[in-house]
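Please find below my comments on the model you sent.

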There are 2 protein chains.
Amino acid sequence: MDTFKTLKIKKSVYESNDREAEKLRDKLLEDKVFLLNLMSSPGSGKTTTLVRTIAALNKELRIGVLEADIDSDVDARTVAHAGARAIQLHTGGMCHLDAGMTRQGLEGLGTEGLDLVFLENVGNLICTANFDTGAAKSAMILSVPEGDDKPLKYPHIFEVVDVILVNKIDAISCFDFDLDRFRSYIARLNHKAKIIPISAKTGEGIKEWTDWLRSEVEQWKSRGKE
Amino acid sequence: MDTFKTLKIKKSVYESNDREAEKLRDKLLEDKVFLLNLMSSPGSGKTTTLVRTIAALNKELRIGVLEADIDSDVDARTVAHAGARAIQLHTGGMCHLDAGMTRQGLEGLGTEGLDLVFLENVGNLICTANFDTGAAKSAMILSVPEGDDKPLKYPHIFEVVDVILVNKIDAISCFDFDLDRFRSYIARLNHKAKIIPISAKTGEGIKEWTDWLRSEVEQWKSRGKE
């Protein structure tokens, strides 16, 4: 499984991204494929978190990954090696993915036989949050070194996600990150978001995260059966 | 000096950002105001670095700061308190500043009597790098926790900057960041960029950084005299 393709994706020509996203989500529900849109800043640990997640769930779920990057194929190589079906998407300078681009990526990957697909979005806290990709749910990673004040500066992404992984929690003693203060900022923006402190390095919190994912995949598949 | 204004800036209507940037740069040269465009990911330490920089140069240079953010005025408050003339710019969701927006910011700040103005750009490694702001020079901060592989994934910003500050160098033992490997990636993209490891927390490297800034301001002012 250590192979992957690289695909150049083009800006979508659809008038309404929201409509396109709804169509894609309906198709994924029908196909019983749970798509998770994973967003974060550059360097927060998206790929390392995915590698941990794939290792934890690989025996029970068939996993695919869309790796969106401006350039390079480092990440697709890494997640393919970890055991996922992977495709590298080159966005040609685009700072986010929309539903049409996600659809191109899914078609390039091939979703037959997959239960769970991660869209590792471009590393960007602003533009990514403005586009519905068609995913069933959205998650973001904020890493401890980025600081607990990020919800004040980039509120929109914190408003739209279902889960916030606070990564690099093992390094919290090196930084002035106050988890309670962070929780209070999130409470003002998004009272539904689940906050899970994790360390992709040590494995802390990965069980809570994969338990959430497993449960969401099951719910999605049972909705698809109706 | 602990006060600052907040300004909502609008997307520019100019046809050619490059032309607008050149005009702004000419004006700043005439006025002998050195504008530095400072870019980075969210949470890399732009504001803390600015506070250190202002403290180091405040007695010899008159400093202004344009704080560009999607929302909040945390940063303008902080740098105003550090002793700079500051203005908070709210970009209304825009993920970067262009020359027209920078001009609005400078007009709002008032550059009379200033030697050095920092534009703290929106936290974003992608979109910011695509727009000439009219600054004399551009710098970026990459923090150690973000990882030494960022030049592979976000090459453009590393190509266009004059200086790269590698911040949070005090935390390097907690992370797998190889400074030599990082230097080799940069050498392939931009052989002119100066790389300065710093810690905005401990002050390490700040002298080399402020020496570079002081020298650049002097050169700019003497060019302005010609």
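**Notes on the interface and the cavity**

1. Chain A and chain B bury about 2400 Å² between them, with 61% of that on carbon and sulfur atoms; buried area is the accessible area (1.4 Å probe) that two parts lose on being put together, summed over both. A:Pro42, A:Ile126 and A:Lys153 supply 24% of the area that chain A buries against chain B, more than any other three residues.

2. This is a predicted model, in which local features need pLDDT of at least 70 and side-chain atom pairs count only at pLDDT 80 or more, while totals for chains, interfaces and linings use all residues. Residues are numbered from 1 along each chain as its sequence is written, chains are lettered from A and ligands numbered from 1 in the order in which they are written, and side-chain values use heavy atoms, with hydrogens and water left out.

3. Each side of the contact (heavy atoms within 4.5 Å) is counted separately: 30 residues come from chain A and 30 residues from chain B.

4. Two salt bridges are found across the interface, a salt bridge being a side-chain nitrogen of Lys or Arg within 4 Å of a carboxyl oxygen of Asp or Glu. A:Lys153 pairs in this way with B:Asp75, and their closest N and O atoms are 2.8 Å apart.

5. How many residues line the largest cavity? The lining has 13 residues, and A:Ser143, A:Glu146, B:Pro42, B:Ser143 and B:Glu146 lie nearest the centre. A cavity here is a set of points on a 1 Å grid over the protein atoms alone where a 1.4 Å probe fits but cannot get out, and lining residues have an atom within 4 Å of a point.

Key
On a 1 Å grid over the protein atoms alone, a cavity is a set of points where a 1.4 Å probe fits but cannot get out, and a pocket is an open set with protein on both sides within 12 Å along at least five of seven lines; lining residues have an atom within 4 Å of a point.
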